[in-house]
Amino acid sequence: MCAKYCYGITITLSPHNVGEVRCGAEFLQMTEATEKSNMIYKLEVFLNSSILRGWKDAIICLRSSKPYMPWCEDLKIMGRCIESIASKTCVNPAEVTWSFTNSRPLTSSTPRQASCTERSSSHRMAPVPADWWVEDLSDLDIDLYKRVILAIKSKGVAQELVAESIRIYTLKNIPDVLQEPQTQDTSSEGRSYNFMEMTAKDKQVLETVVSLLPSEKGTSSCIFLLRLLKAASFLDASSSTKLELARRVGLQLEEASLHDLMIPSVSYSNDTVCDIDLMIRIMEYYMMQFQGPQEHERSDLLTGNVEFDFNGSEHRMTAATHSSQLKVAKLVDRYLAEIARDANMPLAKFIQLAELVPDYARPVHDGLYRAIDMYLKEHQHMTKSERKKICRLMDCKKLSMDACMHAAQNDRLPLRVVVQVLFFEQVRTAVNGGLLPDDHPGNIQQPEYGEEISFPEANNGNHRETSTGDENWETVHQDFTALKGDLASIKKRIAEAERERGGMQHDNTSKHMKAKGVLSTFKPEKLFNKLFATRGFSSSESSRDSVSPEVTTEKITMKQQLRHSIA
């Protein structure tokens, strides 16, 4: 083309070739020193007056000049194109008169153009969205896109618009990573098939867009960040990329869904289906944002003693913060119930994740009980110490009526836990019936339970391990000794209340308890026979003869008092 110009032949310049022709003219030294109005001069005039003043022309010129580096870089062709593009993104949308691409659907909040090519005269009256420029930039290579975004950030463009541009670019350039899977295949073979065409270029794109994400919280949705994190796991991205995504997800974990949190594990170091270590890291980042001087204020919020600050204080407990923690606690319990089905899930990891939720954020333990029960069901070969260890996560006082009824019949639970459930339910029922004052030491109010949780039928099989040895019998014996004293105190208070009310309140309470069906679904006789069979005791006459009269008398007295209290 330069030779044709020298011989007076007409040449056609466009955004696609102006960069390479400018490099050729520079190589041939077609300057003003050789001839006035030489080719370099005319090409510079064309660039400044036409290409750099347009929107799409500048993008095309930038993209087509990349193969001729470093010539285009030395001649500042690429730098001038990037500056032109970044400057136009700062223009008021009402003053945009050039053509741009916008193929996204219309929304009520952000009006957009329905067509995706040129803005003709019929479209000039249509409102221009603030993010009108994001789609055109998605055609750039990742290194050019990074330079453009950094220039746009330096211009002070809103971070929400930058985040939207990054989202559109990611969806267009690595759609196979971010799209929803068509099948529910979670096996390693299925994962390999879905991602076997992912290349090193996709990994580079992912790591670059993560580094470009705005630092402000909430600019990117939690769903988008979780899908990036899932893609980073499949593409084996750098540790810094995964940690940065985990930190960002943790800052807005209350917006996440259970489906998006189920990130498959692709590590060869463990055989679990889901990446439990990644979830633990996310939860740790979530709790980090609440560490500080307000640590003592969280418990005060539950009692109404918290002092609210609406002036932007970063270390003041607010109702919104507490609501976020309640949502995250329920989300973690649902996540635990899902991973409990994994036969390869380590008990230590399960307990570690469950303990990351603070007590004040989990006022009801129904979700946690469901997860524990599911874990015990799928891991039936656990030792007694392991069963006790996982059940320590649960507070029997925070179980709802339905959960208590289920736990009382659940043979997978340790015997000591079942005893605690029965005792606390007895106290709560007596208090709710008005037979005990509200200030009773054993008072346990019915916790608010907003989320309905269904419990599977209790397994009546013999999965519970029989207590053996002197130590186990002493533990059960001590539990019943303490239980006997508490029930005696409750029995005394109930008798006093009955005498004061003339027996009328007792009838109402009996109807109330019968309607609740607290004790109509399990048989105390069967439970007590199991309790006292731990050391060879039985309710039969033959077994009574095998023990001393003192032990027999004490055992019978305990059973009678317990039966009388439950009745």
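This is a predicted model: local features need pLDDT of at least 70, side-chain atom pairs count only at pLDDT 80 or more; totals for chains, interfaces and linings use all residues.
**Entry 1: helix pairs**

A crossing counts as right-handed if the near helix is turned clockwise from the far one by less than a right angle, and as left-handed if the turn is anticlockwise. I wrote that down to begin with, as I wanted to look up how some helices cross.

Two packed helices are described by the angle between their axes and the distance between the axes. I took helix α20 (residues 366–378) and helix α21 (residues 384–391) to start. Their axes are 10 Å apart, and the packing angle is about 165°. Angles over 145 degrees count as roughly antiparallel, and α20 and α21 are therefore roughly antiparallel to each other. As for the hand, α20 passes α21 in a right-handed crossing.

Next I looked up helix α6 (residues 77–89) against helix α8 (residues 142–154). This pair packs at about 50°, with 9 Å between the axes. That angle makes α6 oblique to α8. The crossing of α6 past α8 is right-handed.

K330 sits in helix α18, which covers residues 319–339. Is K330 buried, partly exposed or exposed? I get 40% relative accessibility, which makes K330 partly exposed.

Side chains of opposite charge can pair when their charged atoms come close. I find 17 salt bridges in the structure, and I followed up a few of them.

Which residues pair with R22? One of them is E26, with 2.9 Å between the closest N and O atoms. E26 and R22 are both in helix α2, four residues apart, which is about one turn of the helix. E26 is partly exposed at 29% relative accessibility. R22, at 7%, counts as buried, because the cut-off for buried is under 20%.

R22 also forms a salt bridge with E44, and here the closest N and O atoms are 2.8 Å apart. R22 belongs to helix α2 and E44 to helix α3 (residues 39–51), so this pair ties together parts that are 22 residues apart in sequence. E44 has a relative accessible area of 18% and is buried.

I then checked whether these pairs join up into something. R22, E26, E44 and R80 are linked in a network of salt bridges.

**Entry 2: a salt bridge elsewhere**

For another pair I looked up R341. R341 forms a salt bridge with E338, and the closest N and O atoms are 3.9 Å apart; the cut-off is 4 Å. R341 is partly exposed, with a relative accessible area of 41%. E338 is partly exposed too, at 32%.

**Entry 3: the nonpolar patch**

I searched the surface for nonpolar side chains. Which residues make the patch of about 340 Å²? F27, L28 and W71 do, and the patch is nonpolar. F27 lies in helix α2, which spans residues 18–27. With a relative accessible area of 57%, F27 is exposed, because anything over 50% counts that way.

Most residues other than glycine have a negative phi, and most peptide bonds are trans. I went looking for exceptions.

Where is P70? I find P70 in the loop between α4 (56–65) and α5 (71–74). The peptide bond leading from M69 into P70 is cis, with omega near 10°.

Q29 is not a glycine, yet its phi is positive, near 55°. I place Q29 in the loop between α2 and α3. At 56% relative accessible area, Q29 is exposed.

S37 was another entry for this list: not a glycine, and phi is positive at about 55°. S37 is in the loop between α2 and α3. Its relative accessible area is 31%, which makes S37 partly exposed.

Methods. Residues are numbered from 1 along each chain as its sequence is written. Side-chain values use heavy atoms; hydrogens and water are left out. Patches are made of residues with over 30% relative accessible area and no salt bridge: like charges are joined within 9 Å, nonpolar side chains (Val, Leu, Ile, Met, Phe, Trp, Tyr) within 5 Å. Accessible areas come from the Shrake-Rupley method with a 1.4 Å probe; for residues, only the protein chains shown count as cover. Helices (H or I, at least four residues) and strands (E, at least two) are DSSP runs, numbered from the N terminus. Buried means under 20% relative accessible area, exposed over 50%, partly exposed in between (1.4 Å probe, protein chains only). Axes are lines fitted to C-alpha atoms, for helices over the stretch in contact, and angles run from 0 to 180 degrees between N-to-C directions. Angles under 35 degrees count as roughly parallel, over 145 as roughly antiparallel, 65 to 115 as roughly perpendicular and the rest as oblique.
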